[in-house]
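Here is a short note for a colleague who is opening this structure for the first time. Please read the points alongside the view.

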Amino acid sequence: MKKGVTILGATGSVGRNALAVIDSLRDHFSIVGLTACRNAPLLRELIERYHPRYAALADEEQADALRSACPGHTRVLGGLEGVISVAAASEAQIVLSAIVGAAGLQPVLAAIKKGRTIALANKEPLVMAGGIITGLAQNVGATLLPVDSEHSAIFQCLCGNREQKIHKIVLTASGGPFYNTSTEALANVTPEQALAHPTWSMGAKISVDSATLMNKGLEVIEAHWLFGVDVESIEVVIHPTSVVHSMVEFLDGSIIAQLGRNDMKLPIQFALTYPDRMECPVERLDITEVSPLEFFPPKLDKFPCLALAYEAAKVGGTMPAVLNAANEVAVDEFLQRRLHFQEIPTIIERVMRDHQPVADPRLGDILAADEWARESAMESQRSHT
Ligand code: NAD
Ligand code: MG
């Protein structure tokens, strides 16, 4: 019997990779629902190809246009409510969350509430509300499976070792396109340069996050919630070729690592087929071609976003949501050429300094902190230009 899959963020980089995985495993999976933000032409194409029962666009106007253009088989919904309804649709056993940013928080909570298995690529909701997400998943018995390549690696290192004592998690980072750029030259880097990631092909926001190392900071917090390990025991190392996707060091000093091609189809497929493994249409890694494997400590002075993320995690409460929201605004401003690359951490730091964190936040506290941080980041940006 085929498993029903809903893909939230189907038009994005992870979403399209997930569809490619499902194309190659057509006998095992069928598509139940597809959602996107506003790309109606692409979503229409996907509806015609996959005939899902449900589709949604977050943009209401585009959803109306799509509804009138679409065949009757697919129910087309609109707005955040529409995306949430598709996330909760009962016909899907697995919901792959590949929305970018905080916008994925409420849809993923809706899918968890229904007890679905969640393949989670969208890391920002875990950063904002990791306690609420993991607590809810535990209460309803929903499984969270990581799709982020580092977290998929850690998850695979822990398979069969769950009960063993973890000494630390070692997250690998490529270092992004500017790791060897001088601090002076960093002042003038362009969005185009930031989007040219050396080892992975990804959406715009995560590519900029990789260039500032904020992506690794968000991943430290993501790993903390997914694996229940204190952030002090999560170390980041620069590994320029990204062949080792991450490692776990156990109490006895033994280190287990997962290696593979830098292709998101691998972790996406593992989350969909888990606990099974199946053939994957990704070229095999020839281990003799990847020598030497190099690892270096990160340059925190040059890339302050990583230190800001550790700080937000240590403060806890609503602070990680504030870090995330200020970062989303700053990255967008950088992509719109209204902010220099090096001002991204400056804005985030200012917003964090002005925040009075709420401990043990409820969802309402988190959404309020997110909204406050976005306004505060915009204000900070306006007052310094
Ligand atoms: P992307 O920008 O390519 O795609 C984002 C998707 O989300 C699109 O389908 C878009 O329509 C949808 N979306 C955007 N705003 C929305 C909104 N307000 N409401 C509903 N849908 C909305 O992003 P991506 O690179 O595919 O990344 C998706 C998520 O996966 C991110 O959280 C990212 O950090 C994470 N991730 C991505 C990769 C990668 O290789 N791209 C790797 C690991 C983790
Ligand atoms: Mg990653």
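1. Start with the seven-stranded open sheet. Its order is E4-E3-E2-E1-E5-E6-E7, and the pairing is parallel. Strand E4 (75–78) and strand E7 (144–146) are at the edges; each has a single partner strand, so one side of each lacks a neighbour in the sheet. On average, neighbouring strands here are turned by 20° against each other, direction ignored. Strands (E, at least two residues) and helices (H or I, at least four) are DSSP runs numbered from the N terminus. Two strands pair if DSSP finds at least two bridges between them. Axes are lines fitted to C-alpha atoms, for helices over the stretch in contact, with angles from 0 to 180 degrees between N-to-C directions.

2. A word on the basis. This is a predicted model, in which local features need pLDDT of at least 70 and side-chain atom pairs count only at pLDDT 80 or more, while totals for chains, interfaces and linings use all residues. Residues are numbered from 1 along each chain as its sequence is written, chains are lettered from A and ligands numbered from 1 in the order written, and side-chain values use heavy atoms, without hydrogens or water.

3. Look next inside that sheet. Strand E1 (residues 3–8) is mostly covered, with five of its six residues buried. Buried means under 20% relative accessible area, exposed over 50%, and partly exposed in between (1.4 Å probe, protein chains only). E1 runs parallel to strand E2 (residues 29–36), joined by six bridges. Leu8 has Thr35 as its bridge partner in E2. Strand E5 (residues 94–97) and strand E6 (residues 117–120) are also parallel, with four bridges. There, Leu96 stands opposite Ala119 in E6.

4. Which residues hold the magnesium ion (ligand 2) as protein donors? They are Asp148 (OD), Glu150 (OE) and Glu219 (OE), at 2.1 to 2.2 Å. Donors are N, O and S atoms within 2.8 Å of the metal (3.2 Å for Na, K and Ca); water is not among the atoms, so sites may look incomplete. The sequence spacing is D-x1-E-x68-E. Both Asp148 and Glu150 are buried.

5. A second open sheet has four strands. The order is E9-E8-E10-E11, and the pairing is mixed. Strand E9 (234–238) and strand E11 (255–259) are its edges, each pairing on one side only. The twist averages 20° from one strand to the next. Strand E8 (residues 166–173) pairs with E9 in the parallel sense over five bridges. Ala173 stands opposite Ile238 in E9. Helix H11 (residues 214–227) lies across E8 and E9, at about 150° to E8.

6. Ile238 turns up again at Glu294. Leaving aside neighbours within four places in sequence, Glu294 is in contact (heavy atoms within 4.5 Å) with Ile238, His239 and Pro240. Glu294 lies in the loop between helix H12 (265–273) and helix H13 (304–315). Glu294 is partly exposed, at 40% relative accessible area.

7. Over residues 259–375 the chain is 53% helix and 1% strand.
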